[in-house]
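Subject: Structure handover

Hello,

Here is the structure I said I would pass on. Please load it first, then read the notes below.

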Amino acid sequence: MSNSENIPQFPETFWRDSVSLPDFPKLQESIKTDTAIVGGGITGITAAYLLAKEGVNVTLIDAGDLLNGVTGHTTAKITAQHGIIYDEFIQHFGKEKASLYYQACMKAKEFIENTIQTHHIDCDYSQEDAYIFTNSDEYISTLESEKKAYDQLDIPGELTTDMPVDIPVKSVLKMKDQAQFHPLKYLNVLVDEAVKNGLKIYEHTTAVDIEYNKHPTIITRDEHRINCNYVIQASHYPFYDGQGFYPTRMYPERSYIIAVKTPEKFPGGMYINAESPSRSIRSANMDGEDLWLIVGENHKTGQGESTMKHYEALQDYAEEQFGISEFVYRWSAQDLTTMDKVPYIGSVTKNEENVYVATGYRKWGMTNGTIAAKIITDRILDNDNPYSELFTPSRFQADPSVRKFASMNADVAKHLISGKLEYTQNNVKDLEPDHATVTRVKGKRTGVYKDQDKQLYAVDTTCKHLGCEVTWNSGERTWDCPCHGSRYSYTGEVIEGPAKEPLNKVELE
Ligand SMILES: Cc1cc2nc3c(=O)[nH]c(=O)nc-3n(C[C@H](O)[C@H](O)[C@H](O)COP(=O)(O)OP(=O)(O)OC[C@H]3O[C@@H](n4cnc5c(N)ncnc54)[C@H](O)[C@@H]3O)c2cc1C
């Protein structure tokens, strides 16, 4: 199969395309509720399900449609094998905390499994072994150290040179009995169950701020107020920082997914490599046929080259390793990584105890999002949770990654300045349909996209979060911020935070 002309023209996720989701109204008035959840991804919906089941009065709002954030664009492996992590965790926090992290992941897997059984959810759940593989001499010893960490933590694992999928490898670390599912088929039933138990849902309702007196009040973009006792920020990026300085403690990274059919049957298992460029593989069930999901090409948001190149690289890889008989879907998404690679789950700051955050899942949010929902709802329900301390956002670990973060902040400063100094005087008249350019209009850096009908859309490229300059993402037709990962449609509407306000529109003469 030859290259780019076979790549689907528009990004679309298999998950959203293969399930029918209900619609909910927009919030039209100020309301009161016990717990307000902001964000309808795996974190928010699992938390809503858990609280509604216990008779708590819960309201969930989402800025867009439910399950159209990262959860709608994931790979959906349910595993405690979060890349090569346990050796590093033992070095940084000791054996006990590394072991707690593993146990929390396995508890999340067990929770998902039990919930599927309780509600007889048909969501293509299957138990699979998970594999980290390498074909590079450099990583053989890394996998050996990781296996030693597994042994110390009693994680059932095996170091081998063999795995079911036919890719050249020099070493493989297997973690037995992990799982995968169709995340939206699973969460759709949780929505249904929670609504039956009284959950109120409002879509197209954006939270922009929280006022905190005795109790928190969420302020929406339409200036409605949600008075409540607890707020769960399940918005992927916390929309309310409360001086917790989250933008300086996390960075966003994008990855790309292609879904293809190949001449071969998928042999089972879930795979991720150790080296760069990253490659992760699983299959999904598409009307009884194997859809191979090939994932990778990680880079910091807004700092990739032409983003279509990433899809092409995955296509070349899939073609070379397995052969492609049909290219069915392509999509991409981003997730956040914290300073010590452990998510931030708990009160946003010590002073605002009843406002919770759940973020920084490092592309492992099926388990981490489930853990977050359980930790936070246990706090609200006054139950003990053995994992809450490990994830508390106010922790500080003396950690070498602090140095890395200092250099990342320097990177932010670089983007803040370089975008502004860049000299551009591209001519919009020369722009081809379905292309974008950056130019200057009345001295202001302006991003212009021409759609297929030759309609022009011009936006001020200054990001509404902290003022960096957004760059064009050709693969998704979005303006992406290189500093903290905010993303906007070509009309300037916010697709992903931390930005809450749309880009200013610019009039072209
Ligand atoms: C390419 C890729 C592959 C991945 N693969 C895996 C995997 O195999 N296994 C795994 O465990 N994890 C994986 N992950 C990670 C996982 O998908 C995410 O961590 C998880 O889905 C995040 O869920 P969430 O509920 O926190 O956020 P989301 O699903 O993004 O939900 C947040 C919601 O909040 C809404 N929102 C945002 N701001 C506001 C606001 N101000 N007001 C109202 N609503 C708002 C958004 O519209 C969105 O619907 C992957 C991630 C990526 C990027």
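His-119 sits in the loop that runs between helix H4 (95–118) and strand E5 (126–134). Bear in mind that this is a predicted model. Leaving out residues up to four places away in sequence, His-119 touches Tyr-49, Val-189 and Glu-193. Tyr-49 belongs to H2 and Glu-193 to H6, and both also take part in the contact between those helices.

Helix pair H2 and H6

How do H2 and H6 pack? Two packed helices are described by the angle between their axes and the distance between the axes. For H2 and helix H6 (residues 183–196), the angle is about 35 degrees and the axes are 9 Å apart. The crossing is left-handed. H2 contributes Ile-42, Ile-45, Thr-46, Ala-48, Tyr-49 and Ala-52 to the contact. From H6 come Leu-187, Leu-190, Val-191, Glu-193 and Ala-194. By class, the residues of this contact are nine nonpolar, one polar and one charged.

Ligand site

Which atoms pair up with the ligand?

- Thr-71: an N or O atom of the side chain is 2.5 Å from an oxygen atom of the ligand.
- Ala-207: a polar backbone atom is 2.9 Å from a nitrogen atom of the ligand.
- Ala-76: a backbone N or O atom lies 3.2 Å from an oxygen atom of the ligand.

How much of the ligand's accessible area does the protein cover? On its own, the ligand has 1,000 Å² of accessible area, and the protein covers 94% of that.

Backbone points to check

Pro-277 is in the loop between strand E14 (270–273) and strand E15 (279–286). Pro-498 lies in the segment after strand E26 (494–496).

Then there is Glu-223. Its phi is positive, about 65 degrees, although Glu-223 is not a glycine. Glu-223 is found in the loop between strand E10 (216–220) and strand E11 (225–227).

Best wishes

Technical notes:
Residues numbered from 1 in each chain as written. Predicted model: local features only at pLDDT ≥ 70, side-chain atom pairs only at ≥ 80, totals over all residues. Heavy atoms only, no water. Polar contact = N/O pair within 3.5 Å; in protein donor to acceptor, adjacent residues only side chain to side chain. Areas by Shrake-Rupley, 256 points an atom, 1.4 Å probe, with all protein chains shown as cover. Axes fitted to C-alpha atoms, helices over the stretch in contact; angles between N-to-C directions. Helix = DSSP H or I, 4+ residues; strand = E, 2+ residues; numbered from the N terminus. Left-handed = near helix turned anticlockwise from the far one by under 90°. Contact = heavy atoms within 4.5 Å. Nonpolar A, V, L, I, M, F, W, Y, C, P; charged D, E, K, R; others polar.
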